[in-house]
Amino acid sequence: MSYLKFEKTLMTNLEESLPKELLRTNRSGAYSCSSIVECNTRKYHGLLVVPIPELDDENHVLLSSLDVTVIQHGAEFNLGLHQFKGGFFSPKGHKYIREFSCDKVPTTLYRVGGVILKREVVFQHYEDRILIRYTLEDAHSATTLRFRPFLAFRSVRQFTHENSAASREYSNVTNGIKTCMYAGYPDLYMQFSKKNEFVYQPDWYRNVEYTKEQERGYDSNEDLYVPGYFEMEIKKGESIVFSASTSAIKPSVLKSLFEEEVEERTPRDNFFHCLVNAAHQFHIHEKNDDRYILAAYPWFKTRARDTFIALPGLTLSIEEDDYFELVMETAEIALREFMEGKTLSKHLYEIEQPDVLLWAIWAIQQYAKECGVDRCAKKYGQLVADIITYIEQGGHPKLQLHDNGLVYAISNHGEAITWMNSTANGRAVVPRTGYIVEFNALWYNALLFADALAGDAETEGTHLKELAARCKESFLNTFLNEHGYLYDYVDGNMVDWSVRPNMIFPVAFDYSPLNQEQKKSVLDFCTRELLTPKGLRTLSPKSGGYNPMYVGPQAQRDYAYHQGTAWPWLSGFYMEACLRLYKRTRLSFIERQMVGYEDEMMNHCLGTIPELYDGNPPFRGRGAISFAMNVAEILRAMELLEKYSYK
């Protein structure tokens, strides 16, 4: 029995099936994504979406989709599904779907009269190649398959429209063709494991509509180019493998290659394995052997803050210490280049943000807990010490260490400098500056971890301990208020009384300036005012400006982004704080929290966690379809839950 399985009733109901998306990646930056009925609902959707560094820093949709038509006795049954302008669907191939499952590979079973056709899809690891296997499970008479490719050749952030500049030329290759619509793009090779006939019949399919773009207030229509169609006979029990790639392949190896790729897949047969599979999708292995963590699919890049927050959960929590080390090897080069004022040679974006170095130390701290302090000190001890020295000596352009032991964050011209980074009219919607609560919690934690990592024999009076003591006293005087929770930030006379989730971090960290009673008070505030089944709200409903629904056009969503929406990654730290304070007595409570995330395996993008949720019921998933920090923190919380269960 498959864990992720949907019957005909759901698949043929587009209100139910269209919102469910499916993501496949190659761990090198390329991906394939669509709805589970293979009807594209975003401009980011496509069967083959690849980065083209020669053009720009974006992904590009080469092959948008591939329609298959079953032909028997001259009658044609198109199994494709497209939405056109005005909400018109054609053809309506979803009505032939009998079931869909997603164990090792996504599998769709179609039934057309006496014909049962199975469709399975894999994305080849580390190659820009999508593979689709069609198997004729049953047929009572001669059957022919016709394949019609829909081409886009555009950036994921743009649309294509019928134009005279698009090349209609193609060349024959073994069992297929290659074509390229525009200069600068690579050739697209479309090949089959079986000989076929390609019928050149160029045409544009106009006004294809993407509902998700409509919902987000963007343009939503484009035209797609179809060069013609492939046609071949298929016998009962026979399998045919289709390959779309930026490079040619020998058709004779397609069937064995497909089998090899299937064997490498992690079965998505339970909640944990779904998250492990999702974790692997964020891996980026570039040709120069650099390793990264992608922040999210489908529109985020390899952002520095996201990398260090997500890295422990995506690697250490699933016993993949080696990948942690590979990513840190690349990241350390970028961190040192930044601290030395050099031009970055690595693709680690937003590394200049003031809390990035502190999150890097937190990630290394998690490595020490998993792999041992000695091993950690040997690999990363100098890096941690250098980061502390860099901040202490005033090297960071956006982070100053004040005499009171606190770090002060500088925002130039109202820019967003924290993870709450939405902007409107060029200024931060949540303008957090000065003494920021999680920055200083991270700083205090980093000081004492650096001291422990250095292995100083003295227990009192070391420089780092003295600095931490000053930081602790000032932290309490600055952030703790008479109501028992923490101010979000303090900047001169500006004190932010808003109840926000950033105060959970000093409760969750190994080293905290708060005592037990203070931690419990902060945790209680988070529980009462911020906790939802899908994460912590970014703002309490009792605070001014509460705006929990992430809907509407871009400007409307920007104002809601961190003003009440719920983020699952924050609940990872919340659950850690609960376990630290209450240990086994909160196990059942944490387990119930996990149920809210397991429910999401069947919704939105299957087997993963989206970027954020509305802060009010029914807590709908929004934003990016698969978010690294969310997957990471749920995995880390699962590991913590297991550890406390056996204590």
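Is Trp359 buried or exposed in this chain? Hello everyone, let's start there. Trp359 is buried, because its relative accessible area is 2% and buried means under 20%, with exposed over 50% and partly exposed in between, using a 1.4 Å probe and protein chains only.

A quick word on the ground rules. This is a predicted model, where local features need pLDDT of at least 70 and side-chain atom pairs count only at pLDDT 80 or more, while totals for chains, interfaces and linings use all residues. Residues are numbered from 1 along each chain as its sequence is written, and side-chain values use heavy atoms, with hydrogens and water left out.

Now the whole chain. We have 17 helices and 35 strands; these are DSSP runs numbered from the N terminus, with helices being H or I of at least four residues and strands being E of at least two. The radius of gyration is 26 Å, close to the 26 Å from the globule rule for 647 residues, so the chain is as compact as a globular protein of that length. That radius is taken over C-alpha atoms, and the rule is 2.2 Å times the number of residues to the power 0.38. Along the principal axes, the C-alpha trace spans about 85 × 50 × 45 Å.

As for burial, 63% of the 647 residues count as buried. Among contacts with a separation of 6 or more, 65% come from residues 24 or more positions apart, where contact means heavy atoms within 4.5 Å.

Back to our tryptophan. Trp359 lies in helix H8, residues 356–371. Beyond its neighbours within four places in sequence, Trp359 is in contact with Arg305, Phe308, Ile309, Leu442, Phe505, Phe509 and Phe573. Take Ile309 from that list: Ile309 and Trp359 are 50 residues apart in sequence, yet 6.4 Å apart in space, C-alpha to C-alpha.

Next stop, a serine. Where does Ser540 lie? Look in the loop between strand E31 (535–537) and helix H14 (554–560). Ser540 counts as buried because its relative accessibility is 0%. Its side chain makes a polar contact of 2.5 Å with the side chain of Glu529. By polar contact I mean a pair of N or O atoms within 3.5 Å; within protein, one must be able to donate a hydrogen and the other to accept it, and residues adjacent in sequence count only if both atoms are side-chain atoms. Setting aside residues up to four places away in sequence, Ser540 touches Val499, Glu529, Leu530 and Tyr546.

Finally, some backbone details. Most residues other than glycine have a negative phi, and most peptide bonds are trans. Which bond joins Tyr297 and Pro298? A cis peptide bond, with omega about 5°. Pro298 sits in the loop between strand E22 (296–297) and helix H6 (304–315). The bond from Pro617 to Pro618 is cis too, with omega near 5°, and Pro618 is in the loop between strands E33 (612–613) and E34 (621–622).

For positive phi, look at Glu319, near 60°, in the loop between H6 and helix H7 (321–339). Glu319 counts as exposed because its relative accessibility is 73%. His413 also has a positive phi, about 60°, and is placed in the loop between strands E24 (407–409) and E25 (423–424). With 71% relative accessibility, His413 counts as exposed.
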